[in-house]
Amino acid sequence: MNITSAEANKMLRKLADEHALLLRKETSSASFYASVGEDPEDVRPEYDYALTQKLLAENESKTRKLKHALNVFNTTTVVPGFDMTIDEMLVYIPQLTKAKEKLGQMMVALPKARREENFHSISNIVDYVYANYDIAATEADFEKVSDALSKAQTAIDRLNNAETFAFEF
């Protein structure tokens with residue numbers, strides 16, 4: 001079958017949910033309490049150790065195969081317009097996000113600002129903080145980084161929902 005990256009990620013979430021459910025069921029039924037004088041067979045929950053381990057192993061195998069196929073797709077598929085693989089883009093996008101946050105803080109700075117008062121200080125001296133960079137340049141860089149981030153996210157979204165790769169469990 002051919003699937004998109006978006007479909008693969010949904011399948012991985014479903015497999016993770018199924019795995020967690022199996023573990024919760026196992027935890028709640030692998031052991032049980034019975035009061036003195038109570039017949040344990042009357043309160044014994046249904047639990048099949050061998051079947052549960054088999055189902056967990058199958059789920060883990062499917063997860064490994066799907067993650068591997070997705071990783072191969074991500075490391076071999078080049079994102080149009082970026083000359084980077086999806087894998088590289090998944091590193092690049094957080095880098096752009098951090099740069100955008102930093103530039104966003106820098107571009108709102110005042111060229112000269114009064115330092116916030118330290119309430120423990122008794123001094124009457126006023127200190128100033130000076131921006132040691134061109135604030136207008138940070139605004140221009142912010143726009144460039146913001147545009148690059150938007151284009152990168154759009155390119156990844158397009159690939160995740162359109163490009164397919166072969167996969168079988």
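1. Ground rules. Since this is a prediction, local features need pLDDT of at least 70 and side-chain atom pairs count only at pLDDT 80 or more, while totals for chains, interfaces and linings use all residues. Numbering runs from 1 along each chain as its sequence is written, and side-chain values use heavy atoms, with hydrogens and water left out.

2. The core. The largest nonpolar core has 24 residues, and Leu 66, Val 79 and Phe 165 are those with the most contacts inside it. A nonpolar core here is a set of buried Ala, Val, Leu, Ile, Met, Phe, Trp, Tyr and Cys residues joined through side-chain atoms within 4.5 Å. For burial, the cut-offs are under 20% relative accessible area for buried, over 50% for exposed, and partly exposed in between (1.4 Å probe, protein chains only). At least two core residues come from each of H1, helix H3 (49-76), helix H4 (86-107) and helix H5 (135-162). H5 gives the largest share, with seven residues. Helices (H or I, at least four residues) and strands (E, at least two) are DSSP runs, numbered from the N terminus. As background, nonpolar side chains tend to be buried together in soluble globular proteins.

3. Leu 66 up close. Which residues does Leu 66 contact, leaving aside its neighbours within four places in sequence? They are Ile 3, Ala 8, Met 11, Leu 12, Leu 15, Phe 167 and Phe 169. Contact means heavy atoms within 4.5 Å.

4. Ser 29. This residue lies in helix H1 (residues 5-29) and is buried, at 11% relative accessible area. Its side chain reaches the backbone oxygen of Lys 25 at 2.7 Å. Beyond its neighbours within four places in sequence, Ser 29 is in contact with Pro 45, Glu 46 and Tyr 47.

5. Salt bridges. A search of the whole structure turns up four of them, taking a salt bridge as a side-chain nitrogen of Lys or Arg within 4 Å of a carboxyl oxygen of Asp or Glu. One joins Glu 18 and Lys 14 (4.0 Å, N to O); both lie in helix H1, four residues apart, about one turn of the helix. Glu 18 is partly exposed at 35% relative accessibility, whereas Lys 14 is exposed at 53%.

6. Another helical pair. Glu 58 forms a salt bridge with Lys 54, with the closest N and O atoms 3.4 Å apart. About one helical turn separates Glu 58 and Lys 54, because they are four residues apart in helix H3. Glu 58 is partly exposed at 35% relative accessibility, and Lys 54 is partly exposed at 47%.

7. Glu 41 and Arg 44. The side chains of these two also meet in a salt bridge (2.7 Å, N to O). Arg 44 is partly exposed, at 42% relative accessibility.

8. Asp 83. Worth a look on the backbone: Asp 83 has a positive phi of about 50° although it is not a glycine. Most residues other than glycine have a negative phi. Asp 83 sits in the loop between strand S2 (78-79) and strand S3 (84-85). Is Asp 83 buried or exposed? It counts as exposed, at 72% relative accessibility.

9. Val 126. This residue is in the loop between strand S4 (112-114) and strand S5 (128-130), and counts as partly exposed at 33% relative accessibility.

Definitions and conventions: Polar contact = N/O pair within 3.5 Å; in protein donor to acceptor, adjacent residues only side chain to side chain.
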